[in-house]
Amino acid sequence: MINSLAVYCGARDGNDQKYLTAAQQLGEWMAAHQIDLVYGGGQFGLMGAVANGVLDNGGTVHGIITETLASRGAAYKKIQDLKIVPDMDHRKEKMMAMADGMLALPGGIGTLEEISQAASWITIGENLVQYPLGLTL
């Protein structure tokens with residue numbers, strides 16, 4: 001059973017409103033089914049839309065953002081659980097540790113890299129390894 005879902009997606013709105021609408025609707029669906037959102041912690045673009053969909057419907061959001069992105073004002077302070085980590089490697093490890101499943105929405109090269117690495121880790125069983133951060137993924 002999936003209780004929390006890692007959603008990888010863009011921090012920009014993109015070129016078509018339908019993607020923002022779909023991200024919002026995904027968040028609404030997650031809240032209705034009591035599935036927590038685990039995501040990159042941003043307030044903009046599709047990331048913000050899916051988070052708003054969850055929040056506006058009484059769901060729980062866990063954001064993991066890097067120190068650099070937080071210092072640039074990208075962090076979404078409205079979410080219940082915002083973790084600031086040193087870098088992208090820590091962010092990816094933490095997201096995998098917190099989620100029961102994963103999903104990618106449209107995004108850029110960062111979204112592609114994150115979902116590809118997560119899928120690769122699962123394929124080779126790395127998600128079950130104890131990492132130096134003390135996380136069991």
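**Around strand 4**

Modeller: His-62 has Asp-81 as its bridge partner in strand 4 (strands are DSSP E runs of at least two residues, helices H or I runs of at least four, numbered from the N terminus). This is a predicted model, in which local features need pLDDT of at least 70 and side-chain atom pairs pLDDT 80 or more, while totals for chains, interfaces and linings use all residues. Numbering starts from 1 along each chain, and side-chain values use heavy atoms, without hydrogens or water.

Strand 3, residues 61-66, runs parallel to strand 4, and five bridges join the two (pairing takes at least two DSSP bridges). They belong to an open sheet of five strands, in the order 4-3-2-1-5 and with parallel pairing. Strand 4 (81-85) and strand 5 (101-104) form its edges, each pairing on one side only. From one strand to the next, the twist averages 20°.

Helix 4, residues 88-98, lies across strand 1 (4-8), strand 2, strand 3 and strand 4, and runs at about 160° to strand 3.

The structure holds six salt bridges (Lys or Arg side-chain nitrogen within 4 Å of an Asp or Glu carboxyl oxygen). In one of them, Asp-56 and Lys-78 meet at 3.7 Å, N to O. Asp-56 lies in the loop between helix 2 and strand 3, and Lys-78 in the loop between helix 3 (67-71) and strand 4, so this pair ties together parts 22 residues apart in sequence.

Arg-91 forms one with Glu-114, the closest N and O atoms being 3.4 Å apart. This pair links helix 4, which holds Arg-91, to helix 5 (residues 109-124), which holds Glu-114, across 23 residues. Arg-91 is buried at 5% relative accessible area, and Glu-114 is buried at 6% (buried is under 20%, exposed over 50%, partly exposed in between; 1.4 Å probe, protein chains only).

The side chains of Lys-92 and Glu-113 also meet in a salt bridge, at 2.7 Å, N to O. Here Lys-92 of helix 4 is linked to Glu-113 of helix 5, 21 residues apart. Lys-92 is buried at 7% relative accessibility, whereas Glu-113 is partly exposed at 35%. Asp-89, Lys-92 and Glu-113 are linked in a network of salt bridges.

Technical notes. Axes are lines fitted to C-alpha atoms, for helices over the stretch in contact, and angles run from 0 to 180 degrees between N-to-C directions. Contact means heavy atoms within 4.5 Å.
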